[in-house]
Amino acid sequence: MASLLNSVPSIKLSTFKNNNPLRSSHISSPFCLSLSQRRLVVRATETEKEATKARVPDKAPAAGGGGSSINQILGIKGAKQETDKWKIRVQLTKPVTWPPLIWGVVCGAAASGNFHWTPEDVTKSIVCMLMSGPFLTGYTQTINDWYDREIDAINEPYRPIPSGVISEQEVITQIWVLLLGGLGIAGILDVWAGHDFPVIFYLALGGSLLSYIYSAPPLKLKQNGWIGNFALGASYISLPWWAGQALFGTLTPDIIVLTLLYSIAGLGIAIVNDFKSIEGDRAMGLQSLPVAFGSEAAKWICVGAIDITQISVAGYLLGAGKPYYAFALLGLIAPQVFFQFKYFLKDPVKYDVKYQASAQPFLILGLLVTALATSH
C-alpha cells in the first residue's frame, strides 16, 4: 500500500462550482494522512472545466418530498431526499451494487474446492465479502460519484453530491476511510490464510487503483466505452472471484483466463447503466457506447456481450468433459434472453431496473455453476 501511496504524493480532487448554501465552503486546509514517513495530501481545488455549463439546483429537494426510502438506502434512482448524514453516506456507497461482488467471493470459494462449512471458513468468507462489498465497492462508488458530479448535475442533479447535501470534506473523508479499511481487511485475510505472499492485499490494491483510474482524470477509463466497461466488468466478476479463491485455495492461469472472459459479460452489464446518462455523457465528451454508436446499436452490443460470453463458457465446459454443467449454464441463459426482449430491448432507460432485477439473478447463478464445474 505504501508503494502506491508514495507514488501518488498529491491527488487533486476538484470542487464543483455552485452557489448552493448547503454546499460546504472551499477547503483552505488540506485533508492530510501521514503514512510511512511520507505526507500524502488530498486537496479540493476549483474545477478547470470552464466549458461545462451544467447547473445544479439552488438547493437540494426537500426531504420527504417524494421518492422511496428503500431506493435511497440502496443508492438507486427514485430515491427519497434525505438530510440524515449517515443515510446519505450509505447512499453514496450504492449497496445495490454490492451483491455481485459478494457473490463473486462465493464463486471463488466454491471454485477453490477447499471451502468447508466450518465456523472459521464461514467467518473468513464473510470478512472477505465485507472487504469486497461495503468497503471497496463502496469506495469505488463514492469516488465515481465524486468525479461524476458535473455529469450528475445534468442527469441527476438531486443526487447527494451535486445537490450539496453532503460536503466536500465529508465525501473525501469517506473515500479514504473505505479505501484504507478495505486494504486493511485484505492484509488481515492474508495473515489469516497463512499466505507467504500477500495475494489478497495486492488484489485489493490493484482493484482500488483500477477504480481510481476508471473515474479520475487524466486516464478516466470510463471516457472510452469499451475499455471502461471491461474494466468495470473485471472489477465486478474477476477480482472478487480471485480473492475468494486465493483465500481458500490457489489461483491458476486457466481460472484467470476464464474469469476475464466472463468479464466481457460484465462489460455488457455495465453498458446497461450508460443509457440513463446519455445526455450528460455527451455534454462532457464521454464516449460511452450509447453515445458512440447510438442507443439502438448499443442495445444489441450489450445483450450480445452478455449472451455470447455465457454461450462460449458453456462451450468450454462442454469441451472440458462437463456436459451437465454446460447444459445447466445454457438453461440459465434462456430466461436472460427472454427478459432482454421483454424489457431491455424495448426501452433500456425505462426498464433498466426491471431488466436487471429479472435477468441478473440467472447470470450470477451461471457464475456459480461455472465455479462448481472448475472445482471438480
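Helix H16 supplies 9 residues to the lining of the largest pocket, the largest share. The model is a predicted one. The volume of this pocket is about 1300 Å³. Its lining counts 48 residues, and those closest to the pocket centre are Val96, Thr97, Asn273, Lys276 and Gln356. Helices that each give at least two residues to the lining include H4 (98–112), H5 (119–147), H10 (225–248) and H16 (352–374). Sorted by class, the lining holds 19 nonpolar, 17 polar and 12 charged residues.

The structure has 7 salt bridges.

| Pair | Closest N to O distance |
|---|---|
| Glutamate 82 – lysine 87 | 3.6 Å |
| Lysine 222 – aspartate 148 | 2.5 Å |

In the bridge between lysine 222 and aspartate 148, the partners are 74 residues apart and link distant parts of the chain: lysine 222 lies in the loop between H9 (199–215) and H10, and aspartate 148 in the loop between H5 and H6. Lysine 222 and aspartate 148 are both buried. Aspartate 152 and arginine 159 are buried as well. Through salt bridges with shared partners, Lys94, Asp145, Asp152 and Arg159 form one network. In the remaining listed pair, glutamate 82 is buried at 13% relative accessible area, whereas lysine 87 is partly exposed at 38%.

Technical notes: Residues are numbered from 1 along each chain as its sequence is written. This is a predicted model: local features need pLDDT of at least 70, side-chain atom pairs count only at pLDDT 80 or more; totals for chains, interfaces and linings use all residues. Side-chain values use heavy atoms; hydrogens and water are left out. On a 1 Å grid over the protein atoms alone, a cavity is a set of points where a 1.4 Å probe fits but cannot get out, and a pocket is an open set with protein on both sides within 12 Å along at least five of seven lines; lining residues have an atom within 4 Å of a point. Grid points are joined across faces, edges and corners, and a volume is the space filled by probe spheres set on the points. Helices (H or I, at least four residues) and strands (E, at least two) are DSSP runs, numbered from the N terminus. Ala, Val, Leu, Ile, Met, Phe, Trp, Tyr, Cys and Pro count as nonpolar, Asp, Glu, Lys and Arg as charged, and the others, Gly among them, as polar. A salt bridge is a side-chain nitrogen of Lys or Arg within 4 Å of a carboxyl oxygen of Asp or Glu. Buried means under 20% relative accessible area, exposed over 50%, partly exposed in between (1.4 Å probe, protein chains only).
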